[in-house]
Amino acid sequence: MSHDPTAGGAAVVAPSSRRLFAVLMAAMVAMLLAALDSLVLSTAMPTLVGELGGFEHLSWVASAYMLATAASTPVWGKLGDMYGRKGVFLASIALFLVGSMVSGLAQSMGQLIGFRVLQGLGAGGLMVGALSLIGELLTPQKRGKFQAMSSAVMGVAMVGGPLAGGFLTEHLGWRYCFYINVPFGLAAFITVAVALKLPKRRSPAPIDYLGAVLLAAVITSLVLLTTWGGTQYDWSSPVIMGLIAVAVAGALALPAVERRAVAPVLPLTVFRSANFSWANAISFLYGFVMVAALTFLPIYQQAVQGASASSGGLLMLPLLLGMVGANAFGGQAIAKQGSFKLYAVAGGTLLLAGILLLSRMDTTTGRLETGVYMVIFGVGLGLLMQVTLSVSMESVEMKDLGVASSTVTLTRTIGGAFGVSLAGIIFNGRITAGMGAESGVVERDLDRLSAESLLKLPEPVHEAYEKAVAEGTQWAFLAVSTVAAAAFAASWFIKARPKPAPAPPLVTPPADQVAAG
């Protein structure tokens, strides 16, 4: 189904070019804040634990934010479709800022974890709200540039997050990792509130509370399953079995609940579009491969190639530049040529080629060679990100834009959770086997081998660890290459975009019809 900018009966407002640019930049800032806060604390953790204590709960500082973000994303998308994107987007910014402020004021680890949940609930609406605004304010032919900017935001967050966290912690204190959100978030809030005018929208349908709870339960169970399985709990433990049971039961019950709901939080009708379904399948698959690569590439570069841990996200620049560049190019090219399939297949090809090349790295691979492989991989990622987002948003009517953007974001997140779990199991298994066989280091000592302590190890142990990390990376990337192959195969099922109908004229409604949407 081609996207109709007027679907749903509402006129499309034509803000001035200056106002439009200001609104879209504010949306990008909000997205950046949400992405940064998943990474900014990585370098602040030692200082944070030193002040608040609670080391045994440290992992929940990040996990609580990630879980709340993932679980709330589809709910925010549906609320925007029902009650207006402007008001819902502003509400998510406000909730995120409140969560940021109280996180900075936390006096214990328990408080911080609870406040991070609040912050994550707000963050879930920032990405989907920004993408939905892009979809509502711009025609498909003009979206490419701004959708590419959302990819650039992710790249900036991945590189700048750890660096910003380290700088703020060293010069101002870890609490400013949260306080820094407030001035930028307020600027985005005020800009959207003042510059954006949308027609009134309020659905008379009741909120699908049961569907939202079931979907959140499935998402939370899947993320915890992939986070805890094989690490904190054995795969056969009651906790893991319970999570599997909740996920399966929720997934089986959800379709029946959504079919009966007047305004389902995840309307099954959107999956009648083959392009939408395939785009989300590819989003899950490339998310699986992407997060695995982003997790284990820095470990390889530090342990095997001797890169310093302080360089943080800079190690990933070749990959991220390739991803952002391809996303920008793909957005413009798709808008001009109108071919989804060409760029989907190209992206799938480069994704598979890139991860296979990365799986060839060993103890003799140089940084330049690694950088070339990362660029190839990043270009494939960038093309698939652009195609899946464009296909998803153009396969639904205007009234379902929020659902489309939240679903494609969610499938990528869930895929990433599974990818890092599978790759981690394989990687850790190879490390344990390699170290145990070649140096006599027992498994309980492996967690103590950081990039810094590696230099202090005896030479035989040092060499054994380098070899084990290289082999672990090889096997992990070979495993996820099968998923990249599935993404490549799925890309062939994406249909070329039909010739778009002439865009309807943009109109500015009378003042008495304009309200904060």
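What does the accessible surface of the protein come to, and what share of it belongs to carbon and sulfur atoms? In this predicted model, the accessible surface comes to about 21,300 Å², and 68% of that area belongs to carbon and sulfur atoms.

## Overall make-up

The protein has 517 residues, of which 54% count as buried. Its secondary structure consists of 17 helices and two strands. Among contacts with a separation of 6 or more, 85% are between residues 24 or more positions apart.

## Helix 1 against helix 5

Two packed helices are described by the angle between their axes and the distance between the axes. Helix 1 covers residues 17-36, and helix 5 covers residues 109-137. Their axes are 8 Å apart, at an angle of about 155 degrees. Angles over 145 degrees count as roughly antiparallel, so helix 1 is roughly antiparallel to helix 5. The crossing of this pair is left-handed.

On the helix 1 side, the contact involves Leu-20, Val-23, Leu-24, Ala-27, Met-28, Ala-30, Met-31 and Ala-34. Helix 5 contributes Ala-123, Leu-126, Met-127, Ala-130, Ile-134 and Leu-137. By class, the contact of helix 1 with helix 5 has 14 nonpolar residues, with no polar and no charged ones.

## Helix 1 against helix 8

Helix 1 also packs with helix 8, which spans residues 181-195. The axes of helix 1 and helix 8 come within 9 Å and cross at roughly 145 degrees. This crossing, too, is left-handed.

From helix 1, the residues in the contact are Arg-19, Ala-22, Val-23, Ala-26, Val-29 and Leu-33. They meet Asn-181, Phe-184, Gly-185, Ala-188, Thr-191, Val-192, Val-194 and Ala-195 of helix 8. The contact of helix 1 with helix 8 has ten nonpolar, three polar and one charged residues. Val-23 is listed in the contact with helix 8 and in the contact with helix 5.

## Ala-27 in helix 1

Ala-27 lies in helix 1 and is one of the residues that meet helix 5. Is Ala-27 buried or exposed? Its relative accessible area is 1%, under the 20% limit, so Ala-27 is buried.

Not counting residues up to four places away in sequence, Ala-27 touches Phe-89 and Ala-130. Ala-130 is in the part of helix 5 that meets helix 1.

## Helix 3 against helix 4

Helix 3 (residues 59-83) and helix 4 (residues 85-104) have axes that come within 8 Å and cross at roughly 155 degrees. Helix 3 is therefore roughly antiparallel to helix 4. The crossing of helix 3 and helix 4 is right-handed.

The contact brings together Tyr-65, Trp-76, Leu-79, Gly-80, Asp-81 and Tyr-83 of helix 3 with Arg-85, Val-88, Ala-91, Ser-92, Leu-95 and Phe-96 of helix 4. These residues divide into eight nonpolar, two polar and two charged.

Gly-160 is in helix 6, which runs over residues 140-171. Gly-160 counts as partly exposed, because its relative accessibility is 22%. Between the C-alpha atoms of Gly-160 and Val-40 the separation is 8.0 Å, although the two are 120 residues apart along the chain.

Gln-301 lies in helix 11 (residues 274-303). At 6% relative accessible area, Gln-301 is buried. Leaving aside neighbours within four places in sequence, Gln-301 contacts Gly-306, Ala-307, Leu-315, Met-316, Thr-370 and Met-374.

Methods
Residues numbered from 1 in each chain as written. Predicted model: local features only at pLDDT ≥ 70, side-chain atom pairs only at ≥ 80, totals over all residues. Heavy atoms only, no water. Helix = DSSP H or I, 4+ residues; strand = E, 2+ residues; numbered from the N terminus. Buried < 20%, exposed > 50% of the residue type's maximum accessible area, 1.4 Å probe, protein only. Contact = heavy atoms within 4.5 Å. Areas by Shrake-Rupley, 256 points an atom, 1.4 Å probe, with all protein chains shown as cover. Axes fitted to C-alpha atoms, helices over the stretch in contact; angles between N-to-C directions. Left-handed = near helix turned anticlockwise from the far one by under 90°. Nonpolar A, V, L, I, M, F, W, Y, C, P; charged D, E, K, R; others polar. Parallel < 35°, antiparallel > 145°, perpendicular 65-115°, else oblique.
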